[in-house]
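The sequence and coordinates are shown first, and the commentary follows.

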Amino acid sequence: MKLPAIAVAPLELSPGVPSAGLRRGAEAWPPSERALQMAAVLEHIRRVPSRFIAVATVEPREANQLPLGAVLVECLPGRAAVVMTPQIDALLPVSQRDELASALLLALDGVLQQQKILLAQALTERREHPTTAIFQAAGYRVASDLLYLAADLTGAANRRIPGFPIQPLELVAVSHDEDARWIRLIEQTYEKTLDCPAVDGLRPTRHVLQEYRDIGVPRTDWWFIARYNSEDIGCLILADHRPAAHAELVYMGLTPDMRGRGWGVHLAHQAQLIAATSGAQHLVLSVDAANLPALRHYQTAGFKFLEQRTVLVKAIIPTP
């Protein structure tokens, strides 16, 4: 197949009207979510024009028809990007659709480099899904299988969780602007981690912190450092997603010498108590399916399985 020319361009904002590229790219969302998602994208573009970009094939089409294919990308703080599944005209043969989808992903690299993106990330249904192969053909590699869990916060304060340590940790709210302290601690919790080790070192920790800060409603009082014997030995970072009915456990970690004492269960339960005070009905999180100790902690603390996804990554610019 001779591929048509591919153009990479920012999504243009018309007053409340999604562009043809956005409408094609948005086919990655379930039909029931598409209108709300497109409205959210348009609002993001209005506030931060460079946050969303579209890649679309360029070929002569009749007026008002959608592009042959498009992929929607969100550029995040912290020099990362989330790449959605390329959407291709269903009238094309399957082999041509797959070839064009991978070509779109490859064409995206140049604009991501211009945006100074270090790491591109994508989610597929599973490793064996045909979409995974499309991303792999464009240079993405499987980083992990993520499990999404949720805890019902109804009655969280009265829940009895087994395995609590005799000496609970001290949780101290510490502003996320204290970069040096947070970077030092988070890097310690990354040591020998089983949680997505394939992405370690692909971005400096300061950029990871920038991404964490952007999740949900900004608030510094949900960034906690866990202390024991007057030392920083772990952390708990939550995000408030109001007006949605859920909060998110963004990151939880302990330094290597403090693991295996039951404190993971303790922190997971404390996260539920904190989130419940905001009126959230559920606390959600994601965890690497290979991280069996963390998974056991979350299950012991009352988290239940929601779904599984495969995460793929591609280093766009080598880490300095």
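## Ala 133

In which helix is the place of Ala 133? Ala 133 belongs to helix α4, which covers residues 130-137. The model is a predicted one, and in it Ala 133 has a relative accessible area of 43%. Ala 133 is therefore classed as partly exposed, since that class lies between the buried limit of 20% and the exposed limit of 50%.

Ala 133 can also be placed relative to Ser 102: the two are 31 residues apart in sequence, and their C-alpha atoms are 9.1 Å apart in space.

## Confidence and overall composition

The mean pLDDT of the protein is 84, and 87% of the residues score at least 70. Among the elements, strand β12 (residues 282-288) has the highest mean pLDDT, 95, whereas strand β2 (residues 52-58) has the lowest, 62. Where pLDDT is low, the predicted coordinates should not be read in detail.

The protein contains 8 helices and 13 strands. Of its 320 residues, 47% are buried. Among contacts with a separation of 6 or more, 73% link residues 24 or more positions apart.

Strand β5, formed by residues 87-88, includes Ile 88. Is Ile 88 buried or exposed? Its relative accessible area is 12%, so Ile 88 counts as buried, the cut-off being under 20%.

With neighbours within four places in sequence left aside, Ile 88 is in contact with Leu 68, Gly 69, Arg 97, Leu 100, Ala 101 and Leu 104. A further relation concerns Arg 24, which is 64 residues away from Ile 88 along the chain, with a C-alpha separation of 7.8 Å.

## Backbone features in loops

Two residues other than glycine have a positive phi: Arg 79, near 60°, and Asn 229, at about 55°. Arg 79 is found in the loop between β3 (69-76) and β4 (80-83), and Asn 229 in the loop between β9 (223-228) and β10. With a relative accessibility of 26%, Arg 79 is partly exposed; Asn 229, at 60%, is exposed.

Which peptide bond is cis? The bond from Arg 242 to Pro 243 has this geometry, with omega near 10°. Pro 243 is in the loop that joins β10 (231-240) to β11 (246-254).

## The pair α5 and α6

Two packed helices are described by the angle between their axes and the distance between the axes. For helix α5 (residues 179-190) and helix α6 (residues 205-213), the axes come within 10 Å and cross at roughly 105°. Why is α5 described as roughly perpendicular to α6? The crossing angle of roughly 105° falls in the range from 65 to 115 degrees, which counts as roughly perpendicular, and α5 is therefore described in that way relative to α6.

On the α5 side, the contact is made by Asp 179, Trp 182, Ile 183, Ile 186, Glu 187 and Tyr 190. On the α6 side, the contributors are Thr 205, Arg 206, Val 208, Leu 209, Tyr 212 and Arg 213. The residues of this contact comprise 7 nonpolar, 1 polar and 4 charged.

Note on methods
Residues numbered from 1 in each chain as written. Predicted model: local features only at pLDDT ≥ 70, side-chain atom pairs only at ≥ 80, totals over all residues. Heavy atoms only, no water. Axes fitted to C-alpha atoms, helices over the stretch in contact; angles between N-to-C directions. Helix = DSSP H or I, 4+ residues; strand = E, 2+ residues; numbered from the N terminus. Parallel < 35°, antiparallel > 145°, perpendicular 65-115°, else oblique. Contact = heavy atoms within 4.5 Å. Nonpolar A, V, L, I, M, F, W, Y, C, P; charged D, E, K, R; others polar. pLDDT = per-residue confidence, 0-100. Buried < 20%, exposed > 50% of the residue type's maximum accessible area, 1.4 Å probe, protein only.
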